[in-house]
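Hello,

Here is the structure we talked about handing over. My notes on it follow below.

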Amino acid sequence: MGLTKLLAFYHKKLGNWNLVYSFMKGFWASYFVLLMVLLLGTVAVFYFFSSGVAWVVLLLDAILAILFFYLLIHLRAKRLIRVKFQLRSFKELQKMKDYLFYGYLAKNGFKTRAELAELISFIRSEAKTGTANKKKSMVGLIFKIFIAVFLAIYGGSFLLGLDKSWNRLLAVLVILLAAVLLFYLVLWLEKALHYLFGRDMRQAEQMIQTIVYIQTVLRARENTDYDPFRMVEKKVEVNPFLQEIIDSKSFL
């Protein structure tokens with residue numbers, strides 16, 4: 001439960017949507033309206049003109065969609081982080097997100113490098129436990145599928161009681177083909193479930209990389225005059241919205 005809440009904070013509270021794009025809903029609405037206009041125009045061209053002209057228009061629409069995104073979303077986002085957070089680029093925004101994460105962890109008792117190392121151990125332990133439990137559920141599901149396949153084949157064995165030999169041969173071929181198809185279907189399902197259930201582990205490793213970076217910054221603070229967080233720390237202190245993120249409910 002603790003890891004789930006921490007992952008939610010890291011990926012949602014510190015996500016670009018919460019920090020930047022959620023303040024641009026009007027621009028998002030305008031962008032999607034323009035996309036709909038382009039789409040309707042393309043459909044009309046496909047209907048009234050030849051396919052050659054239509055494909056040229058489709059390519060032009062793709063270019064316009066990218067251009068509109070750059071003008072309405074990207075440039076607006078850069079202006080927003082400059083005005084709202086006094087940051088010059090998305091690179092500085094990432095540094096601020098790292099500091100917000102450290103501020104939140106420090107509020108929850110993980111302030112020093114040693115305490116952060118304990119947190120890394122906790123995250124890896126929780127992630128492995130969660131993944132193991134999901135794998136057990138996945139294995140159980142696959143086992144049930146194999147049982148169902150076996151019962152289906154066994155239930156189809158009555159076809160072998162057919163009088164004509166060619167009917168029996170056809171029934172056997174159909175059953176074998178169904179078994180092969182179901183076998184590969186189960187393999188595909190296993191891979192899909194493995195990828196899905198491994199998402200928490202991947203997200204946890206990404207979060208651990210950030211914590212390791214924070215440990216490196218703390219080491220630099222101790223041994224040198226260089227402090228990568230110094231610039232963003234002052235900007236966070238005077239921003240109530242960012243302070244509210246740091247003061248969010250504990251993941252513990």
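Apart from its neighbours within four places in sequence, Ser248 touches Phe9, Lys13 and Tyr104. Please keep in mind that this is a predicted model. Ser248 sits in the segment that follows helix H10, which covers residues 240-246. Its side chain reaches back to the backbone oxygen of Ile245, at 2.6 Å. Is Ser248 buried or exposed? Its relative accessibility is 16%, and the cut-off for buried is under 20%, so Ser248 counts as buried.

The second largest pocket comes next. Its space is about 190 Å³. Which residues line this pocket? They are Tyr99, Tyr102, Gly103, Ala106, Lys107, Lys111, Arg221, Glu233, Glu237, Gln243 and Ile246. Three helices each supply at least two residues of that lining: H5 (90-107), H9 (230-237) and H10. Of the contributors, H5 gives the most, with five residues. Sorted by class, the lining of the second largest pocket holds five charged, four nonpolar and two polar residues.

Helix H3 is the other element I looked at. H3 runs over residues 25-48, which is 24 residues. From the first C-alpha of H3 to the last is 35 Å, close to the 34 Å expected at 1.5 Å a residue. Buried residues in H3 include Trp28, Tyr31, Leu38, Thr42 and Val45. Val37 also lies in H3, but Val37 is exposed: its relative accessible area is 51%, and the cut-off for exposed is over 50%. Along the chain, Val37 and Asp61 are 24 residues apart, and their C-alpha atoms are separated by 9.9 Å.

For the chain as a whole, how many helices and strands are there? The protein chain has ten helices and zero strands, and its pattern along the sequence reads α-α-α-α-α-α-α-α-α-α. The chain has 252 residues, and buried residues make up 31% of them. Taking contacts between residues at least 6 apart in sequence, 76% join residues at least 24 apart.

Regards

Technical notes: Residues numbered from 1 in each chain as written. Predicted model: local features only at pLDDT ≥ 70, side-chain atom pairs only at ≥ 80, totals over all residues. Heavy atoms only, no water. Helix = DSSP H or I, 4+ residues; strand = E, 2+ residues; numbered from the N terminus. Buried < 20%, exposed > 50% of the residue type's maximum accessible area, 1.4 Å probe, protein only. Polar contact = N/O pair within 3.5 Å; in protein donor to acceptor, adjacent residues only side chain to side chain. Contact = heavy atoms within 4.5 Å. Expected span 1.5 Å × (residues − 1). 1 Å grid on protein atoms, 1.4 Å probe; cavity = no way out; pocket = protein on both sides within 12 Å on 5 of 7 lines; lining within 4 Å. Points joined across faces, edges and corners; volume = space filled by probe spheres on them. Nonpolar A, V, L, I, M, F, W, Y, C, P; charged D, E, K, R; others polar.
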